[in-house]
Amino acid sequence: PDDVLVPVPAGVPDALAAALGVAGLAGWMPVRGLAPGERVVVTGAGGAVGRVAVQAARLGGAARVVAVARSAEGRAAALALGADEALAPGPDLGAALREATGGADLVVDTLWGDVAPACIAALRRGGRLVQVGNAAGPEAVVVAGPLRGGRLDLRGFSVFSEPVAEIAAAYPELLAAAAGGAIRVAVEEMPLAEAPAAWARQAAGTGGAKLVLVP
């Protein structure tokens, strides 16, 4: 519908605008409003959403950005994009995150599942976790006592449920940052005729790149 359309600023390549319309905003918007000096954890940092979130946290003045990624390639990419430290998921992840951050102010979580409890354990009192994806599973065990005692804030985020006014404010900011090189994202254009191949590649994983079908 016309009332949910958001203009693309002049001078932004179409493929870049398309690539950042969902995944980019999912990494960008949860970090908007970050207070300078806060400490941030980004899970799934090897994917497109996580990579944007790492860079957004750095741009927002985070004192420390700690990435979580399953693959060595994902961890290396997060470090190259500005993360101070990159960790692999594991049974001791909560303690490792706590040590790496000294207590996180914000977690941008794209994994959920068995990673979420570790992230929650790493939050300082009054910290917040924004849940933007569930690549590790749709369910997580959240212990009630620490949630209450820590006065923690767990919130969900979806581009498709955000107010249009918020999208309209955030999208030009993100595109300007990307067009200016402050946010880097790998974009690969593919012909529309190769849509089946694009879907297959998407299902297998693209290593953080965004595939854009071009007529």
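## Ground rules

What you're looking at is a predicted model, so to speak of local features the pLDDT has to be at least 70, while side-chain atom pairs count only at pLDDT 80 or more, and totals for chains, interfaces and linings use all residues. Residues are numbered from 1 along each chain as its sequence is written, and side-chain values use heavy atoms, with hydrogens and water left out.

## Salt bridges across the chain

Side chains of opposite charge can pair when their charged atoms come close. Searching the whole structure turns up nine salt bridges, each being a side-chain nitrogen of Lys or Arg within 4 Å of a carboxyl oxygen of Asp or Glu. One of them joins arginine 64 to glutamate 85, with 2.9 Å between the closest N and O atoms. This pair ties together distant parts of the chain, 21 residues apart: arginine 64 sits in strand S2 (residues 64-68) and glutamate 85 in strand S3 (residues 85-87). Helices (H or I, at least four residues) and strands (E, at least two) are DSSP runs, numbered from the N terminus.

Another bridge pairs arginine 201 with glutamate 188 at 2.9 Å, N to O. Here helix H8 (residues 195-204) supplies arginine 201 and strand S7 (residues 187-191) supplies glutamate 188, 13 residues apart. Arginine 201 is partly exposed at 33% relative accessibility, and glutamate 188 is partly exposed at 32%.

## A buried pair and a network

Elsewhere, Arg32, Glu166 and Glu173 are linked in a salt-bridge network.

## Around threonine 43

Threonine 43 belongs to strand S1 and counts as buried because its relative accessibility is 0%. Its side chain makes a polar contact with the side chain of aspartate 109 at 2.7 Å; such a contact is a pair of N or O atoms within 3.5 Å, where within protein one must be able to donate a hydrogen and the other to accept it, and residues adjacent in sequence count only if both atoms are side-chain atoms.

Leaving out residues up to four places away in sequence, threonine 43 touches several residues, including Gly50, Val68, Asp109 and Cys119. Contact here means heavy atoms within 4.5 Å.

Methods
Buried means under 20% relative accessible area, exposed over 50%, partly exposed in between (1.4 Å probe, protein chains only).
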